[in-house]
Amino acid sequence: MITRNCWRQCRVFFTRSVWQALLCGLLISACAASSDAQTLTVFAASSLTDALKELGAQFEAQHPGARVVFNFAGSQQLRQQLEQGATADVFASANAREMDAAIQSGLVTANAPQVFVKNRLAVIVPRDNRAGVTTLSDLARPGLKIVLAAPGVPVGSYTLNALAKMSLAYDATFSSTVLSNVVSYEDNVKQVVAKVQLGEADAGIVYTSDVTPATANQLSTIDIPDEFNVVAAYPFAQLKAASQSALGADFVQFVLSAAGQSILKKWGFSIP
Amino acid sequence: MIRSRLGQAAIFIASSVLLLFLVLPLFVLLVRAIEADLLQQLTQPTVAQALRLSLQTSILSTLITVTLGTPLAYSLARRKVPARSAIETLLDLPIVLPPAVAGLALLLTFGRRGFFGPVLETLGLSLPFTTAAVVMAGIFVSAPFFIRSAQTGFASVSHHVEESASDLGANPWQVFQHVTLPLAGPALLSGAILSWARALGEFGATILFAGSFIGRTQTMPLAIYQALETDLGSAMAVAAILILISFFFLVLLRLITHGRIGHPLL
């Protein structure tokens with residue numbers, strides 16, 4: 001008796017799930033076919049995740065009926081996605097290289113990009129810091145496990161530049177010694193943070209903006225002095241193929257406004 | 001008549017739409033990869049290293065799976081195992097879980113700060129970011145495929161044949177070695193190929209637990225992902241190789257399960 005009842009419930013549940021799935025499918029195709037009149041799609045570097053989410057929420061509050069949808073990933077991935085036909089209204093890159101590449105492929109008008117925020121590098125270590133990394137020169141200590149972003153990711157190439165500058169100041173082999181301690185080259189900066197946060201890596205090099213309130217209590221930061229640091233300038237622009245150019249222009253304005261810039265500053269960025 | 005013809009048309013259209021959807025993208029990828037000079041890409045060191053590492057780690061993880069999985073599958077098929085269905089359900093979990101969950105679970109268990117972290121540390125071992133971690137991730141996600149198939153294989157061997165053998169004076173080990181194992185052989189082999197193919201395609205658990213380092217932990221799927229960001233050509237080349245290798249072994253699998261290779265003794 002119990003089994004039969006159970007069966008019936010299962011069947012009801014199952015039929016309902018199938019209907020819901022079909023309905024979902026319809027909705028998705030409807031969305032894909034004609035994107036909502038007031039939805040702004042922003043492709044942004046993953047380091048911008050927290051700051052832009054807050055900016056987006058404020059923008060929505062100021063523009064009733066408007067919705068901001070984000071796609072966060074490595075800038076190089078976003079550029080690839082756009083080149084392969086993904087549609088978006090605004091592209092925010094973590095470096096000029098990917099923005100230039102987007103201009104090259106005709107996605108963005110040549111003089112459209114504007115630098116809206118700057119970021120700098122910092123060394124992060126787990127809060128308990130069992131490996132005892134306290135200075136930059138500790139990074140060259142043999143046996144240390146360091147995780148970096150892959151050289152194809154903007155933060156990864158900035159990191160290599162910074163290490164090269166340290167080599168000039170400390171010791172010609174500094175950079176190569178540090179690199180010999182690298183155990184993994186991650187595909188985006190948030191993965192570097194995660195691996196240091198979990199204590200699996202002894203140190204990582206990320207943006208100062210990656211030490212967010214959510215991660216700050218599990219990480220310690222070692223500052224990289226200006227002479228070695230690489231200042232990352234983030235350009236953003238509306239895409240030529242944008243379907244929401246008016247709303248997109250408003251969003252660009254808002255990010256550059258005093259209110260927008262103060263949110264970016266709050267999340268560890270410096271403003272241009 | 002018309003209705004049945006309509007019905008047949010509907011069936012034909014529905015089937016070809018799905019078939020095209022499943023096959024066409026892989027075909028397009030292959031063509032694009034060949035256009036992008038597939039053979040020349042193969043000689044690139046990153047591609048060659050990823051290929052070698054992938055083959056080594058997936059073969060090793062399959063060997064370990066078969067060695068440890070055969071006794072387990074045999075017990076599940078033949079012995080009175082307490083809570084058998086609970087064990088079987090748990091064994092199926094890695095098949096349905098997103099690999100990222102597997103990777104996180106492995107990290108929290110075998111990582112430096114994980115469950116076994118202190119024990120491993122006293123032994124001087126550190127697993128994350130090593131080739132061993134790639135093999136472990138492979139075993140974790142692929143072993144269930146082998147165990148399932150081997151268990152079915154053992155269960156299908158008739159008791160009577162085994163009993164006859166032991167009536168003729170064979171000891172239990174001889175019965176297993178000369179009767180049970182050959183009869184279940186095709187199922188074991190097809191299970192091993194399936195689980196090997198799964199280990200070869202493993203991505204999520206590997207990138208979390210083993211990270212990505214050329215020649216050490218960067219397997220083909222990881223190389224595809226990383227190359228996608230800088231060099232579409234080599235990403236397509238590695239992807240095309242994966243498709244070809246997997247296709248070859250799936251064909252082999254069909255031949256085995258249809259009894260054309262390694263046909264049973266009886």
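The side chains of A:Asp210 and A:Lys190 meet in a salt bridge with N and O 3.1 Å apart, a salt bridge being a side-chain nitrogen of Lys or Arg within 4 Å of a carboxyl oxygen of Asp or Glu. This pair links distant parts of the chain, since A:Asp210 sits in the loop between strand E8 (203–207) and helix H8 (213–216) of chain A, while A:Lys190 belongs to helix H7 (residues 189–197) of chain A, 20 residues apart. Helices (H or I, at least four residues) and strands (E, at least two) are DSSP runs, numbered from the N terminus. The model is predicted, so that local features need pLDDT of at least 70 and side-chain atom pairs count only at pLDDT 80 or more, whereas totals for chains, interfaces and linings use all residues. Residues are numbered from 1 along each chain as its sequence is written, chains are lettered from A and ligands numbered from 1 in the order in which they are written, and side-chain values use heavy atoms, with hydrogens and water left out.

- A:Glu83 forms a salt bridge with A:Arg79, in which the closest N and O atoms are 3.2 Å apart, and the two residues are separated by about one helical turn because they stand four residues apart in helix H3 of chain A.
- An α-helix has 3.6 residues a turn, so residues three or four places apart point the same way.
- Within that pair, A:Glu83 counts as partly exposed at 33% relative accessibility, whereas A:Arg79 counts as buried at 12%.
- A second pair, A:Glu98 and A:Arg97, is joined by a salt bridge of 3.6 Å from N to O; here A:Glu98 is buried at 3% relative accessibility, and A:Arg97 is partly exposed at 43%.
- A:Arg79, A:Glu83, A:Arg97 and A:Glu98 are linked in a network of salt bridges, and a search of the whole structure finds 16 salt bridges over all chains.

**Helix H4 of chain A**

- In helix H4 (residues 96–104) of chain A, the residues A:Glu98, A:Met99 and A:Ala102 are buried.
- These residues lie on the same side of H4(A) because they cover an arc of only 100° around the axis, the arc being that of the directions from the helix axis to the C-beta atoms.
- The buried residues of H4(A) pack against helix H3 (75–83), strand E3 (90–92) and strand E10 (232–238) of chain A, where contact means heavy atoms within 4.5 Å.
- At the start of H4(A), a side-chain oxygen of A:Asn95 comes within 3.4 Å of the backbone nitrogen of A:Arg97, and after the helix follows A:Gly106, whose phi is positive, near 75°.

**Chain A as a whole**

- The secondary structure of chain A comes to ten helices and ten strands, and buried residues make up 48% of its 272 residues.
- Among contacts in chain A between residues at least 6 apart in sequence, 78% join residues at least 24 apart.

**Where chain B meets chain A**

- In this interface, 21 residues of chain B are in contact with 26 residues of chain A.
- The area buried between chain B and chain A is about 2100 Å², of which carbon and sulfur atoms give 46%; buried area is the accessible area (1.4 Å probe) that two parts lose on being put together, summed over both.
- Two salt bridges are found across the interface of chain B and chain A, and B:Arg113 forms a salt bridge with A:Asp128, with the closest N and O atoms 3.0 Å apart.
- Helix H5 (99–110), helix H10 (204–209) and helix H11 (220–230) of chain B each supply at least two residues of the side of chain B that touches chain A, and H11(B) gives the most to that side, with five residues.

**A buried loop residue in chain B**

- B:Thr219 lies in the loop between H10 and H11 of chain B and counts as buried at 4% relative accessibility.
- Leaving aside neighbours within four places in sequence, B:Thr219 is in contact with B:Ala50, B:Leu53, B:Ser54, B:Thr57, B:Val134 and B:Glu202.

Terms used
Buried means under 20% relative accessible area, exposed over 50%, partly exposed in between (1.4 Å probe, protein chains only). A polar contact is a pair of N or O atoms within 3.5 Å; within protein, one must be able to donate a hydrogen and the other to accept it, and residues adjacent in sequence count only if both atoms are side-chain atoms.
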